[in-house]
Amino acid sequence: MRLLFFADVCGKPGRQGVATALPRLRERFSPDIVIANGENTAGGVGITERTAKDLFAAGVDVITTGNHVYRHREVYPFLDSAERVIRPANYPAANPGRGHVVVDAGGVRLAVINLSGAVMLQVARSPFLEADALLDRLAGRADAFFVDFHAEVTSEKVAMGWHLDGRVGAVVGTHTHVPTADARVLPAGTAFISDVGMTGSRNGILGARRDQVLERMITQMPVRFDGAEGDVWINAVAVELGDDGLARSIEHVMEPAEER
C-alpha cells in the first residue's frame with residue numbers, strides 16, 4: 001500500500017495548498033490513504049471543526065495533531081466524536097479525543113498513531129512506553145502501523161525511529177516546521193524522517209508573519225502573530241509499504257503548492 005503524509009498544515013494558506021497540490025500528487029504517487037498533521041490549521045495555531053472539515057473536503061483521510069490541539073476550546077466535542085481526527089496518545093486519558101485510529105486503506109488495516117515527545121513538551125506518559133503499549137493492544141487488529149511523532153528535539157525523534165524499527169511501517173517527525181534531510185528506510189524496515197516540515201507560506205517564520213516575529217525577537221516584548229501568506233509550499237512524504245507492513249521506500253516531497 002502507498003500513503004501520503006502532509007506535514008504541519010499551517011493556516012488557510014496551508015489548507016489551500018493541500019487542496020491545490022493533492023490532485024497532482026495523487027497522480028504521481030497513487031496513495032491508498034492521505035494523512036495530514038492539522039494542529040496548526042486554524043489561523044496557524046490549533047484546529048477547529050471547520051478547518052478539519054476543509055482538509056477532509058480536500059481529500060485527506062486522517063488528521064493527526066500535536067501540542068496545539070487544545071488551543072480552541074470549541075473543538076473539544078468534535079475531537080471526541082470525530083474518529084479520524086486524533087491527538088497524541090500519551091496525553092492524559094481523560095483529555096478530549098483519541099490517540100489512534102485503524103482505517104481500511106487499499107484492503108490493509110492501517111493503524112495511524114499520534115504521539116508527543118516528552119522533551120520540552122508536556123505529556124502524561126513516556127512516548128516510548130506508550131508506543132509499546134499501543135502496539136501490544138493493537139496486535140491482530142491492524143496489518144500495518146504509521147506513527148506521527150510530534151516532538152521538539154531531533155534526538156528524541158531519531159531514538160523513536162530506532163525504537164520502533166521493524167515494528168511499524170513508518171515513523172515521521174513533525175512540530176518544528178523545518179524539514180530534515182534524513183528520510184530513509186531503517187535496516188529492519190521502518191521508513192523514517194526526523195521532521196517532514198510545514199505545508200504553508202514560506203514568506204514568514206514558521207508560518208507567522210516575519211515582521212511580527214522579528215519585532216518580538218528584537219524587542220523581547222509581546223507581539224501578536226498573524227499567519228504569513230504567499231509562496232505556499234508543500235512538505236510531505238510518500239511511503240510505500242509491502243505486504244508485511246514494512247516500508248519499501250520513502251520519498252520527501254518539497255515543492256510549491258502551485259505548479260510553476
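Strand β6 (residues 108-116) is mostly covered, with 7 of its 9 residues buried (buried means under 20% relative accessible area, exposed over 50%, partly exposed in between, with a 1.4 Å probe and protein chains only). Helices (H or I, at least four residues) and strands (E, at least two) are DSSP runs numbered from the N terminus. This is a predicted model, in which local features need pLDDT of at least 70 and side-chain atom pairs count only at pLDDT 80 or more, while totals for chains, interfaces and linings use all residues. Residues are numbered from 1 along each chain as its sequence is written, and side-chain values use heavy atoms, with hydrogens and water left out.

**Strand pairing around β6**

- Strand β5 (residues 100-105) runs antiparallel to β6 and is joined to β6 by 6 bridges; two strands pair if DSSP finds at least two bridges between them.
- Within this pairing, V102 stands opposite A111 of β6.
- The hairpin of β5 and β6 has 2 residues between the strands, and G106 takes a positive phi near 60 degrees there.
- Strand β7 (residues 144-150) runs parallel to β6, with 7 bridges joining the two, and V147 in β7 is the bridge partner of I113.
- From β6 the chain crosses through helix α4 (residues 127-137) to β7 in a right-handed β-α-β crossover; right-handed means that, with the strands pointing away from the viewer, the path from the first strand over the helix to the second runs clockwise.

**Helix α4**

- P127, E130, A131, L134 and L135 are buried in α4.
- Seen down the axis of α4, the buried residues fall within an arc of 135 degrees, so they line one face of the helix; the arc is that of the directions from the helix axis to the C-beta atoms.
- The exposed residues L129 and D136 are carried on the face of α4 turned away from its buried side.
- The cover over the buried residues of α4 includes β5, β6, β7 and α5 (154-164).
- At the start of α4, a side-chain oxygen of S126 reaches to within 3.2 Å of the backbone nitrogen of F128. This is a polar contact, a pair of N or O atoms within 3.5 Å; within protein, one must be able to donate a hydrogen and the other to accept it, and residues adjacent in sequence count only if both atoms are side-chain atoms.

- N90 is found in the loop between α3 (76-81) and β5, and N90 counts as buried because its relative accessibility is 0%.
- The side chain of N90 reaches the backbone oxygen of S116 at 2.8 Å.
- Leaving aside neighbours within four places in sequence, N90 is in contact (heavy atoms within 4.5 Å) with residues including L115, S116, P127 and E130.
- T51 lies in helix α2 and counts as buried at 1% relative accessibility.
- Beyond its neighbours within four places in sequence, T51 is in contact with R15, T41 and A42.

**Nonpolar cores**

- The largest nonpolar core has 30 residues, and L4, F6, L25 and V85 have the most contacts inside it; such a core is a set of buried Ala, Val, Leu, Ile, Met, Phe, Trp, Tyr and Cys residues joined through side-chain atoms within 4.5 Å.
- Elements giving two or more residues to this core are β1 (2-6), α1 (11-29), β3 (33-37), α2 (49-58), α3 and β12 (232-241).
- Helix α1 provides the largest share of this core, 5 residues.
- A second, separate core of 25 residues includes M1, L3, V101 and A247.
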